[in-house]
Amino acid sequence: YSHLKKKRGGSNGRFVQMEDMDCKIKPGCVKHPPWPEGICTQCQPPAVTLNQQEYRHCDFIEFESASIVEKFIGYWRETGHQRVGFLYGRYDVETHVPLGIKSIVSFIYEPPQNTDPKSIEFLEDPYQSVVDE
């Protein structure tokens with residue numbers, strides 16, 4: 001949120017124009033075997049640098065039960081497919097960090113989705129209104 005607010009620069013606009021980066025490998029290079037066997041600096045995508053968040057929402061994430069995260073990660077371990085899940089829970093004080101806040105996750109909601117190792121397609125969610133409450 002703070003990043004988008006900064007990008008918005010105080011304008012009253014609702015949407016922020018973000019840069020559209022092309023991170024694809026340039027095809028047709030003859031200096032090396034085709035990707036993934038080879039790549040050079042002329043055909044590789046530009047480097048992407050992520051900056052640390054200026055403001056953190058929480059310092060620590062705790063799960064009420066290990067089974068919550070094990071079930072979610074288990075799908076990926078078994079299939080190798082990507083998966084999206086929304087974490088639901090509450091905030092509490094994190095005593096090990098000055099002014100710390102921790103998130104305590106009660107459950108992970110996985111909306112209907114088709115997945116494969118490289119992509120996710122969201123499907124119509126018949127429970128959307130219930131989840132939003």
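What follows is a short exchange of questions and answers.

Modeller: This is a predicted model, in which local features need pLDDT of at least 70, side-chain atom pairs count only at pLDDT 80 or more, and totals for chains, interfaces and linings use all residues. Residues are numbered from 1 along each chain as its sequence is written, and side-chain values use heavy atoms, with hydrogens and water left out.

Colleague: In which strand is serine 103 found?

Modeller: Helices (H or I, at least four residues) and strands (E, at least two) are DSSP runs, numbered from the N terminus. The run of residues 100-109 holds serine 103, and that run is strand β3.

Colleague: Is serine 103 buried or exposed?

Modeller: Buried means under 20% relative accessible area, exposed over 50%, and partly exposed in between (1.4 Å probe, protein chains only). Serine 103 has a relative accessible area of 13%, so it counts as buried.

Colleague: Which residues does serine 103 touch, leaving out those up to four places away in sequence?

Modeller: Contact means heavy atoms within 4.5 Å. With that sequence limit, the residues that serine 103 touches are Cys58, Phe60, Ile61, Glu62, Arg90 and Tyr91.

Colleague: How many bridges join β2 and β3?

Modeller: Two strands pair if DSSP finds at least two bridges between them. Strand β2 covers residues 86-94 and runs antiparallel to β3. Within this pairing, aspartate 92 stands opposite lysine 102. The count for β2 and β3 is nine bridges.

Colleague: Which residue of β3 does phenylalanine 63 stand opposite?

Modeller: Strand β1, residues 60-63, runs parallel to β3 and is joined to it by four bridges. Opposite phenylalanine 63 stands valine 105.
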